[in-house]
Amino acid sequence: MTTNTTSQRGAAVHARGLVKTFGRVRAVDGIDLDVHRGEVFGVLGPNGAGKTTTLQMLATLLPMDGGNAEVLGVDVREHPHVVRQLLGVTGQYASVDENLTARENLRLFGRLLGLSSTQARSTAEDLLGRFGLEDAADRAIAKFSGGMRRRLDLAASLISRPPLIFLDEPTTGLDPRTRGQMWDTIRELVRDGCTVLLTTQYLDEADQLADRVAVIDQGRKVAEGTPDELKSQVGSSSLQLRLVDPAHTADAVEVVRGLVAEQPTLTPEAGGITVPLADANRAADVLIGLRQRDLPISSAAVHKPTLDEVFLALTGHGTEDTRPEPEMEPTR
Amino acid sequence: MTTTTTLTPGEPTVTARTLAGARDLPTRPSVRETVSQSLALAWRALLKMRRNPEQLVDVTFQPLLFTAMFAYIFGGAISGSVSDYLPLLIPGILAQTALTACMATGIQLREDMDKGVFDRFKSLPIARIAPLVGPAVADLVRYGTAATLTILAGLAMGYRPAGGLLGVVAGWLLTLVAGWSLAWIFTWLGTVARSAQAVQGISMMVMFPLTFLSNAFVPADTLPGWLQAFVRFNPVSHVVTAVRDLLNSGAVTGDVGWALLGCALVVAVFGTLSVRTYSRKM
Ligand SMILES: Nc1ncnc2c1ncn2[C@@H]1O[C@H](COP(=O)(O)OP(=O)(O)O)[C@@H](O)[C@H]1O
Ligand SMILES: [Mg+2]
């Protein structure tokens, strides 16, 4: 098993000044990216920011209009065939064959990747098991749920055991439980020594998975850093509490002040208290403090900074989405 | 770790290999790889065909219908009787159904290319030509079905090819070769057109003159002079004449050579063009 160190020579992705124009639209407008080996790198940005276009250029799927890029030390423009051998790509929309079953899909891609018929068969079985698709292996893919399709798609990208994996919005449109499963799968890949470059529209996803994040907006990189560094530029999460008895408000405020040294904002008539938190983990301290003082609450919620707030802080404008996409519908 | 490292136990992971030297990987697929990738994609196309049998209408009902219809409608007028017309007609229908079948190749390729799975084909380290050759190879089944049914329909209606079994087999094979070769014209249209409908429209405009402005259904010498010139130049005419020679006399005539040469030329030109536009589209 390879180690996850980033000290190996050469970056997983090294891109300088990437440009892609579609007519008058500069979809990608001079982006630099450095992804270290063994890390999860998140590209965070709203719909239309240029995430997919960036990934497609790095994956040899779109020619670059400007700039240059290396994948594991191999020039993307010079040696696309080598780059394709190093990459597993899972697109934003499922790229499996609707006419074939899940098993047939995996066998087909195995054969295309040079496995023998028996190897392709056994790899397909292994992957179906690993991704919990055995029961659906012979069913029509048209009847698959969004989560199952994504899993099959990811499974197909892993057949050649590529050292570098691109995931374009791997959880957009998934329900929270399926999203959690996908996150676990991605973490396993990294444990196995893969490097992962993923795109997302959700700060909490980047926060959960990524070691480092680049925020892009209108084809440009507007910030880069660890998720914590980004969030600290934005401010904090907040704890929203509702007391059973509004008469306890003053006591509760006293508890909160003692614990987090912040001035909560109040909606006293409803028993509502909003506590700004520098660290979301302090929420538990506040809840325990209230219980120790016997101040019952009817609800509590931690509100994290949203991508919108990050954007507002970084660019001075929100993530105004001019054309909201239907979640799972291919728009091509 | 043990839960996720069970894919192919004992084999070094690509990760391990590539950390040793990504630069040592081949920079282009070998011929052997290209062939095996094309065959894998032909297998996919055959599965697809089996799942969507309605796509076989043009190679089953159409040849039967056209053979019967043309024979009974034009037989008397052109050759005096149905049985005298069949030796002229059957090779014509063979060429016509092969052309219709290969027109569908282009339309289906275009539809396919718009689907997500083609994105994956493009991202895989496979020969760029394989996704085009694979379906073309699978379509040999379609040309074979159409040719077999046409010949059987002819036999049922009283056609007795003088070329004998050998001549019939040779004519059948030539039909397949011609279908496969001419399909590259439509494959190329599939890679340049914007939509499947556009391919359909353009293909019709290509196919109708190719079939009807040929000697497929009428003897060329009944046509006006200016039309005869086109008919003689039309590669479909050569194929039809060649198939007629094989079926009706078992003779390997010069037209067989011309037909094969024309087919090779079409493959060379349109095969190259197809791969070029397909690769550039990515
Ligand atoms: N094939 C295309 N033709 C024209 N414009 C495109 C094409 N692909 C993307 N764009 C435009 O480029 C911009 C970036 O798109 P994209 O990379 O898909 O963003 P994201 O993946 O971040 O949502 C958008 O304005 C989009 O409309
Ligand atoms: Mg996108």
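Okay, one term before we start: a residue is buried when its relative accessible area is under 20%, exposed when over 50%, and partly exposed in between, using a 1.4 Å probe and protein chains only. With that, A:Gln92 is buried, at 13% relative accessibility.

Some housekeeping. This is a predicted model, where local features need pLDDT of at least 70 and side-chain atom pairs count only at pLDDT 80 or more, while totals for chains, interfaces and linings use all residues. Residues are numbered from 1 along each chain as its sequence is written, chains are lettered from A and ligands numbered from 1 in the order in which they are written, and side-chain values use heavy atoms, with hydrogens and water left out.

Back to A:Gln92, then. What coordinates the magnesium ion, ligand 2? That would be A:Gln92 through OE1 and A:Thr52 through OG1, at 1.9 to 2.2 Å. A donor here is an N, O or S atom within 2.8 Å of the metal (3.2 Å for Na, K and Ca), and water is not among the atoms, so sites may look incomplete. These two residues tie together distant parts of the chain, 40 residues apart: A:Thr52 sits in helix α1 (residues 51-58) of chain A, and A:Gln92 in the loop between β6 (87-90) and α3 (102-112).

Which side chains reach oxygen atoms of ligand 1? A:Thr53 has a polar side-chain atom 2.5 Å from one, A:Thr52 has one at 2.6 Å, and for A:Asn47 the distance from a side-chain N or O atom is 3.2 Å. Taken alone, ligand 1 exposes 560 Å², and the protein buries 64% of that. Areas come from the Shrake-Rupley method with a 1.4 Å probe; for residues, only the protein chains shown count as cover.

A:Arg161 is not a glycine, yet its phi is positive, near 50 degrees. You'll find A:Arg161 in the loop between α5 (146-157) and β7 (164-168), and at 15% it counts as buried. A:Asp294 also has a positive phi, about 65 degrees, in the loop between α10 (282-292) and β14 (297-303), but A:Asp294 is exposed, at 62%.

Zooming out, chain A has 11 helices and 14 strands, and 52% of its 332 residues are buried.

Last stop, chain B. Why call helix α6 (residues 130-138) largely enclosed? Because 8 of its 9 residues are buried by the rest of the structure, among them B:Leu132 and B:Val133. Those buried residues pack against several helices of chain B, including α4 (82-113) and α8 (164-192), with contact meaning heavy atoms within 4.5 Å.

Conventions
Helix = DSSP H or I, 4+ residues; strand = E, 2+ residues; numbered from the N terminus. Polar contact = N/O pair within 3.5 Å; in protein donor to acceptor, adjacent residues only side chain to side chain.
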